[in-house]
Amino acid sequence: MKAYPVVLLVLITFFVISFVTNLLGPIFPALIESYQIGLLLAGFFPFAFFAAYGLMSIPAGLIAQQKGEKFVILLAFLLAAIGAVLFVLLPSFAMAMFALFTIGSAMALLQVAINPLLRRAGGEQHFAAFSVAAQLLFGAAATLSPIVYSSLVAHIQTGSELGKQLSLFTQPNKGWLIMYALFALISIVMLLVTSFMTIPKEQQSSQTLRLSDSLALFKDKTVVLFFIAIACYVGLEQGIANSISVFLATYHGVDPMTQGTDVVSQFWLLLTIGCILGLALLKVMDAKLVLKLFSVGAACSLVFAIFGSKEIALIAFPASGFFLSIMWSVIFSLGLNSIVKGHSAVSGILCTGIVGGALASPIIGFIAELSGYLRISLLVLFIPLGFILSVSFWAKPLVKNHTIQLIKKREALD
């Protein structure tokens with residue numbers, strides 16, 4: 001099945017997922033200030049969000065298999081709207097945890113549904129390229145999110161006419177709530193758009209997988225390794241993004257509301273630009289080689305960001321985003337293309353790996369408070385990065401990414 005309107009819907013959905021998921025990075029310092037908490041407790045905001053992936057992804061895969069992706073997408077946007085509205089109306093610390101878990105559950109449902117749907121609607125040989133295109137929009141939304149946040153909060157703080165209207169959806173010292181009010185509106189719009197979209201269900205085999213069958217996939221070494229790889233990637237991505245503003249403020253005196261937010265935005269902007277290059281490279285190079293090159297580049301950037309001067313850090317942190325750009329899409333496509341059947345269930349297991357994003361910030365916060373040095377705690381990020389690099393050596397996809405042969409093989413001329 002090739003259905004490009006469905007591909008377009010999936011790509012837009014990736015944009016929406018990123019817009020809310022990567023909001024936690026730029027507002028992280030504001031959350032600490034609003035709730036008067038330290039790095040360790042603040043780490044539980046992303047924990048509540050990403051922990052939902054660990055609980056919801058496998059059930060989401062089974063629901064998608066039985067009810068179809070459209071049902072899952074509609075359910076997800078309904079949950080997202082409810083969670084965002086709860087956050088805006090009752091932004092206590094406890095409710096924040098619950099609301100973020102609800103929104104995270106919605107994002108888990110979406111991730112599980114749209115990845116195999118993108119593979120089916122766009123064609124399996126083009127899945128890696130479409131997946132990077134999705135990551136391109138993912139990065140674009142993450143770039144836009146901090147800019148929108150800074151702009152809206154600035155209006156609220158200056159008391160402009162627009163700011164007075166926006167402040168109706170916030171509370172004192174919690175101007176960042178306007179972003180969740182905006183996300184509630186976006187979720188409702190996407191709910192309506194999806195309801196009018198025709199999304200054919202995948203033709204199922206005569207034997208339907210149950211929860212026990214899905215859990216049994218964890219006995220498959222290939223599935224487990226790619227599950228770990230996804231967990232490593234999300235932990236790495238969120239660990240860097242959520243630490244940028246705090247790190248720059250701590251070691252280089254950078255204002256987290258202005259220049260710090262700009263650097264976070266640049267991180268996602270370069271991730272977007274990296275996707276453009278990644279799209280081109282995946283058309284001429286094997287996906288495993290691309291992953292290897294970008295992993296080495298990410299390691300070098302992270303070293304300079306952590307140990308370099310202020311001027312170097314301001315460049316190196318965004319540069320790390322550039323090298324992270326293709327990792328998610330390549331790992332996910334290699335994972336699905338390494339499995340013969342049951343892609344919805346496998347997608348659910350791989351998306352469960354997004355729980356890695358729940359662990360990174362609390363671990364970094366714990367080590368930082370234990371050692372007294374945020375710089376030392378960030379060294380833990382090289383562990384997941386090393387595993388991601390290993391994927392480029394051991395992955396054995398059954399279907400390789402489609403490449404354009406610029407030069408015909410020599411043997412064909414003999």
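This is a predicted model: local features need pLDDT of at least 70, side-chain atom pairs count only at pLDDT 80 or more; totals for chains, interfaces and linings use all residues.
1. Helix α11 covers residues 221-241 and helix α20 covers residues 382-394; their axes come within 8 Å and cross at roughly 140°. The two helices are therefore oblique to each other, since angles over 145 degrees would be needed for roughly antiparallel. The crossing in which α11 passes α20 is left-handed.

2. Have a look at the side of α11 that touches α20. Leu-225, Phe-226, Ile-228, Ala-229, Cys-232, Tyr-233 and Leu-236 of α11 make the contact with Pro-384, Leu-385, Phe-387, Ile-388, Val-391 and Trp-394 of α20. Sorted by class, this contact has 13 nonpolar residues, no polar and no charged ones.

3. Now turn to α11 and helix α16 (residues 327-336), whose axes come within 10 Å and cross at roughly 170°. This pair is therefore roughly antiparallel. In α11, the residues involved are Phe-226, Ala-229, Ile-230, Tyr-233, Val-234 and Leu-236, and they meet Met-327, Trp-328, Ile-331, Phe-332, Leu-334 and Gly-335 in α16. The classes here are 11 nonpolar, one polar and no charged residues.

4. Next, find Gln-36 in the loop between α2 (24-35) and α3 (39-42). Gln-36 is not a glycine, yet has a positive phi of about 55°. Is the residue buried or exposed? Gln-36 is exposed, with a relative accessible area of 65%.

5. Finally, Asn-173 belongs to the loop between α8 (161-166) and α9 (177-195). Asn-173 has a positive phi too, near 65°, and is a residue other than glycine. With a relative accessible area of 47%, Asn-173 is partly exposed.

How values were computed. Residues are numbered from 1 along each chain as its sequence is written. Side-chain values use heavy atoms; hydrogens and water are left out. Axes are lines fitted to C-alpha atoms, for helices over the stretch in contact, and angles run from 0 to 180 degrees between N-to-C directions. Helices (H or I, at least four residues) and strands (E, at least two) are DSSP runs, numbered from the N terminus. Angles under 35 degrees count as roughly parallel, over 145 as roughly antiparallel, 65 to 115 as roughly perpendicular and the rest as oblique. A crossing is left-handed if the near helix is turned anticlockwise from the far one by less than a right angle, and right-handed if clockwise. Contact means heavy atoms within 4.5 Å. Ala, Val, Leu, Ile, Met, Phe, Trp, Tyr, Cys and Pro count as nonpolar, Asp, Glu, Lys and Arg as charged, and the others, Gly among them, as polar. Buried means under 20% relative accessible area, exposed over 50%, partly exposed in between (1.4 Å probe, protein chains only).
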